Amino acid sequence: QVQLVESGGGSVQAGGSLRLSCAASGDIARINYMAWFRQAPGKEREGVASIYLGGSATHYDDSVQGRFTISRDNAKNTVYLQMNSLKPEDSAMYYCAAGHIYYGTRSFALRDRSYNSWGQGTQVAVSS
């Protein structure tokens, strides 16, 4: 079992930046991908960005491409999501996820069913 703890959420004006962190602990050897998802009220959870822990492969949803950057620090077992040029539509609860994915395509890496460990979430609110 992998435990995930997110931090870094908050309130910011449009155009601002936030950096989310996700610290993983437990049976980390079982996972090879980590990702960020978000869910706004009344909407389905959607994949935002993913990262392969054994290399440099990353995937992004089209809505955040060029504005968000996912990165990792393997020594700290931590994944980050740098969010720049934030928009009101980025407002949501952001969740960190971890799992083992055999086919690292974009569709699999940004699909919530690919992950079996989830954090408690951190709220991001962007005002116009």
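## Overall build

Of the 128 residues in the protein, 44% are buried, where buried means under 20% relative accessible area, exposed means over 50% and partly exposed lies in between, with a 1.4 Å probe and protein chains only. This is a predicted model, in which local features need pLDDT of at least 70 and side-chain atom pairs count only at pLDDT 80 or more, while totals for chains, interfaces and linings use all residues. Residues are numbered from 1 along each chain as its sequence is written, and side-chain values use heavy atoms, with hydrogens and water left out.

The protein holds one helix and 11 strands, helices being DSSP runs of H or I with at least four residues and strands runs of E with at least two, numbered from the N terminus. Read from the N terminus, the order of these elements is β-β-β-β-β-β-β-β-β-α-β-β. The C-alpha trace spans about 40 × 25 × 25 Å along its principal axes. The radius of gyration, taken over C-alpha atoms, can be set against a globule rule of 2.2 Å times the number of residues to the power 0.38; because a compact globule with 128 residues would come near 14 Å, the 13 Å of the protein agrees with that rule.

## Contacts, surface and charge

Among contacts between residues at least 6 apart in sequence, 58% join residues at least 24 apart, a contact being heavy atoms within 4.5 Å. The protein exposes about 6500 Å², of which carbon and sulfur atoms supply 46%; such areas come from the Shrake-Rupley method with a 1.4 Å probe, and for residues only the protein chains shown count as cover.

There are 12 positive and 10 negative side chains, and the centres of the two sets lie 3 Å apart. In this count Lys and Arg are positive and Asp and Glu negative, with His and the chain ends not counted, and the place of a charge is taken as NZ of Lys, CZ of Arg, CG of Asp or CD of Glu.

## Around strand 8

Asn-77 is found in the loop between strand 7 (68-73) and strand 8, and Asn-77 is partly exposed because its relative accessible area is 31%. Asn-77 has a positive phi of about 50° although it is not a glycine. Most residues other than glycine have a negative phi. Ser-85, in the loop between strand 8 and strand 9 (92-99), also has a positive phi, near 50°, and counts as partly exposed because its relative accessibility is 41%.

Thr-78 belongs to strand 8 (residues 78-83) and counts as buried because its relative accessibility is 9%. A polar atom of the Thr-78 side chain lies 2.9 Å from the backbone oxygen of Lys-76. Leaving aside neighbours within four places in sequence, the contacts of Thr-78 include Ser-21, Cys-22 and Arg-72.

Tyr-94 is located in strand 9 and counts as buried because its relative accessibility is 0%. Not counting residues up to four places away in sequence, Tyr-94 touches several residues, among them Leu-20, Trp-36, Phe-68, Leu-81 and Val-124. The backbone oxygen of Asp-90 lies 2.6 Å from a polar atom of the Tyr-94 side chain. Between Tyr-94 and Gln-39, which are 55 residues apart in sequence, the C-alpha to C-alpha distance is 6.6 Å.

Arg-113 sits in the loop between helix 1 (106-109) and strand 10 (117-118), and counts as exposed because its relative accessibility is 67%. The C-alpha atoms of Arg-113 and Gly-99 are separated by 9.5 Å, with the two residues 14 apart along the chain.

Notes
Polar contact = N/O pair within 3.5 Å; in protein donor to acceptor, adjacent residues only side chain to side chain.
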